[in-house]
Amino acid sequence: MLKVYGVANSRAHRTLWMLEELGVEYEHVKTNFATRETRTPEYLAVNPNGHIPALEDGDTILWESMAINLYLAKKFAGPLSPSSLADEGHALKWSVWAMTEVEPLLVTGLRHSVMLPPEQRDPAKRAAVVSSLDVPLGVLAAALEGRDSLLGGDFSVADLNVSSVLTWAPIVGVEIARYGAVGPWFERCVGRPAFTRAQQR
Ligand SMILES: N[C@@H](CCC(=O)N[C@@H](CS)C(=O)NCC(=O)O)C(=O)O
């Protein structure tokens, strides 16, 4: 059986969300970063980076949330899977884009909103993140204009991966509704029952 490592209040939520969407059976090992369970020798043998999530599928061990989800989409071909090579490329493109163009900004924003002790938070750094996100969120808004999903069909792994990164935006103070089609698209993504089931794991 598939085994996923990581607590739901972390990037492991992305993988739990994907598995809940797929409706497949899996074992959930609630490895918690907050209690340093990610740094035990046993866990480092699974993911030498000491990060969650990680996925075990028989002899295949994967880490990196986006890669895991793209793997699962391909393994369990269905509505969430890109249906052509071009769409596979687009799903990969959007996943890498979210990780490189959006996530690092949001991590800085989170640090200066909730993660650092209050006296170390710098409101100017948080505000700079909010304004820097104008460019990538404008790109996303243009891509979603006139369509309900990133690949143009049903909700797919591309929507899941990108919206999962954006779940941090409201915490940082980014008003997603300001970005045209991004607002309703984001609400549809996080309104999916599988999103909530994953949060409750
Ligand atoms: N790029 C990785 C990042 C994983 C990551 O940093 N996860 C955090 C939790 S959200 C973690 O495990 N932190 C524990 C630590 O760094 O000790 C991914 O997307 O899977």
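Modeller: Before we start, buried means under 20% relative accessible area, exposed over 50%, partly exposed in between, with a 1.4 Å probe and protein chains only. This is a predicted model, where local features need pLDDT of at least 70, side-chain atom pairs count only at pLDDT 80 or more, and totals for chains, interfaces and linings use all residues. Residues are numbered from 1 along each chain as its sequence is written, and side-chain values use heavy atoms, with hydrogens and water left out.

Colleague: OK, Trp17 and Phe195: buried or exposed?

Modeller: Both Trp17 and Phe195 are buried.

Colleague: How many aromatic pairs are there?

Modeller: The count is 4. Rings of Phe, Tyr and Trp (its six-membered ring) pair if their centres lie within 6.5 Å; planes under 30 degrees apart are stacked, over 60 edge-to-face, the rest tilted. Trp17 and Phe195 make an edge-to-face pair, 4.9 Å centre to centre with 85 degrees between the planes.

Colleague: Which parts does that pair tie together?

Modeller: Trp17 is in helix H1 (residues 12-22) and Phe195 in helix H10 (residues 193-199), so the pair ties together parts 178 residues apart in sequence. Helices are DSSP runs of H or I, at least four residues, and strands are E runs of at least two, numbered from the N terminus.

Colleague: Switching topic, where's Glu56?

Modeller: In strand S3 (residues 54-57). Glu56 is buried yet has no salt bridge, meaning a side-chain nitrogen of Lys or Arg within 4 Å of a carboxyl oxygen of Asp or Glu.

Colleague: What's the nearest side chain of opposite charge?

Modeller: Lys3, 4.4 Å away. Lys and Arg count as positive, Asp and Glu as negative; His and the chain ends aren't counted.
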